[in-house]
Amino acid sequence: MIDEFDVVIVGAGPAGISAAYILAGKGIKTIVFERGEYPGAKNISGGVLYGHDLSRIIPDFMERDCPVERNIVESRLWYLSKEAGYSIAFRDKAFYDRLSLNAFTVGRARFDRWFAGQAGKNGALVVCSTVVTDLLRDGNNRVIGVRTDRPEGDVKARVVLLADGINSALAAKTGFRPEPKPRDVALAVKDVIGVPEDMINERFGLETGQGVTTEIIGEITGGMDGIAVIYTNKNSLSLCIGANLSDFTKNKVKPYELLEEFKNHPMVSPLIKGGQPKEYMAHWIAEGGYDAIPELCGNGYLIAGDSGMLFNALHREGSNMAMASGRFAAEAIIDALDRGDFSRNVLMGYVSRLNESYIIEDLKKYRRFNSFRLNHHELFTTLPGLTALAARKMLTVDGVPKKEKQRAIWNKVRKETSLSKLVRIIWDGWRSVK
């Protein structure tokens with residue numbers, strides 16, 4: 001016997017559950033398949049979410065005991081060489097009160113379970129430990145459901161929403177999305193270090209419930225195009241570091257060795273001193289940007305979240321885009337159900353909503369950013385050391401005239417690079433973000 005639903009959703013992450021919550025709330029028969037033992041089982045603790053997009057789905061999420069770890073009141077940016085680094089930070093009183101929960105940290109395993117629970121209360125059926133192995137199609141090649149690894153596991157639906165992430169076995173098998181190119185994907189490793197709450201507050205200058213995000217670039221990624229982050233949770237710190245998959249392949253670097261070097265950096269080690277490792281995992285990040293976005297809908301199906309490469313690599317925004325795209329997908333599905341038409345032409349309403357939103361606007365704006373980083377490895381090799389040398393020399397009080405110091409710095413710069421290269425980096429960097 002084949003079960004039938006109005007909508008089948010593949011993946012119980014932020015995109016899939018956002019859609020499920022809205023659809024089920026409208027009385028639409030919705031089922032979500034999740035391959036993990038529970039929603040969030042394949043996510044590690046420590047991530048940043050954004051209140052704006054979550055509140056568009058569940059306005060009273062805090063009253064419903066959303067498992068927030070810390071409200072972000074300060075954002076830091078570090079540029080590191082192997083033994084030194086620059087740090088800039090922005091803290092605003094607005095993030096303490098009127099813009100509270102603009103951004104906040106969560107344990108993804110806890111949050112995803114809570115979020116799926118809200119969808120379940122709305123009437124969605126969330127089925128875990130189930131792998132969707134294929135798409136069902138009719139004689140006209142329209143998607144009409146999914147095949148799962150359960151006995152008699154075919155499930156028919158009027159529409160299928162694919163939201164199973166960047167590392168989708170279903171994508172490779174069905175071809176609904178091309179296999180991502182190595183240059184369009186980052187491989188990241190994350191370590192969660194248990195640190196007492198009062199110690200985190202002291203080391204980061206925080207009060208109870210307040211948090212800091214730190215984003216880090218430079219030589220710390222082993223000369224590869226990459227980034228590291230430190231997020232404050234209630235009683236732990238999430239450390240993550242990663243690099244472009246094509247760079248990992250070329251450089252033969254072991255990700256866990258990169259993470260250990262990061263943890264031993266003199267700007268990082270004092271923050272985690274005395275902490276206890278709690279969790280470790282590796283995961284992929286969609287970094288291809290606008291030009292890597294696949295066809296986001298077809299006859300009988302839509303693609304949302306990381307599955308659709310909807311990730312802003314510069315601002316490290318992904319969960320908000322996942323939630324927004326899930327919401328837009330739900331709205332387009334509701335229109336299609338009202339019309340009784342599940343063709344690509346009708347489901348294109350989803351793409352129209354994306355095009356009119358900040359998602360596509362931002363991804364278009366930064367479409368050159370991925371290429372900029374990949375074409376200028378100096379950002380991760382020579383420049384961090386040169387900038388550290390310049391600061392070290394100018395801050396060392398040793399009786400040497402400043403003019404002589406500046407001459408020595410400039411000589412070192414000319415030996416390592418050229419003025420034309422520096423101008424090109426500045427120009428290309430500006431073009432990638434303007």
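**Salt bridges and a buried glycine**

User: Lys405 counts as buried at 5% relative accessibility. With which residue does the side chain of Lys405 meet in a salt bridge?

Analyst: This is a predicted model, in which local features need pLDDT of at least 70 and side-chain atom pairs count only at pLDDT 80 or more, while totals for chains, interfaces and linings use all residues. Residues are numbered from 1 along each chain as its sequence is written, and side-chain values use heavy atoms, with hydrogens and water left out. A salt bridge here is a side-chain nitrogen of Lys or Arg within 4 Å of a carboxyl oxygen of Asp or Glu. For Lys405, the N to O distance is 3.0 Å and the partner is Asp398.

User: Is Asp398 buried, partly exposed or exposed?

Analyst: Buried means under 20% relative accessible area and exposed means over 50%, with partly exposed in between (1.4 Å probe, protein chains only). The relative accessibility of Asp398 is 45%, so Asp398 counts as partly exposed.

User: How far apart in sequence are the parts tied together by Asp6 and Arg158?

Analyst: Asp6 and Arg158 form a salt bridge, with their closest N and O atoms 3.8 Å apart. Asp6 is buried at 19% relative accessibility, whereas Arg158 is partly exposed at 41%. Strands (E, at least two residues) and helices (H or I, at least four) are DSSP runs numbered from the N terminus. Because Asp6 belongs to strand E1 (residues 3-10) and Arg158 to strand E10 (residues 154-162), the pair ties together parts whose separation in sequence is 152 residues.

User: Glu69 and Arg110 also meet in a salt bridge; in which helix does Arg110 lie?

Analyst: The N to O distance between the two side chains is 3.5 Å. Glu69 is buried at 18% relative accessibility, while Arg110 is exposed, with a relative accessible area of 51%. The two residues are 41 apart and link distant parts of the chain, Glu69 lying in strand E4 and Arg110 in helix H3.

User: How many salt bridges are counted?

Analyst: Beyond the pairs above, Asp225, Glu287, Arg316 and Arg373 are linked in a network of salt bridges. By the rule given, the count of salt bridges comes to 22.

User: What is the relative accessible area of Gly211?

Analyst: Gly211 lies in strand E12 (residues 210-218). Leaving aside neighbours within four places in sequence, Gly211 is in contact (heavy atoms within 4.5 Å) with Arg70, Asn71, Ile72, Val73, Glu74, Leu206 and Thr232. Gly211 is buried, its relative accessible area being 0%.
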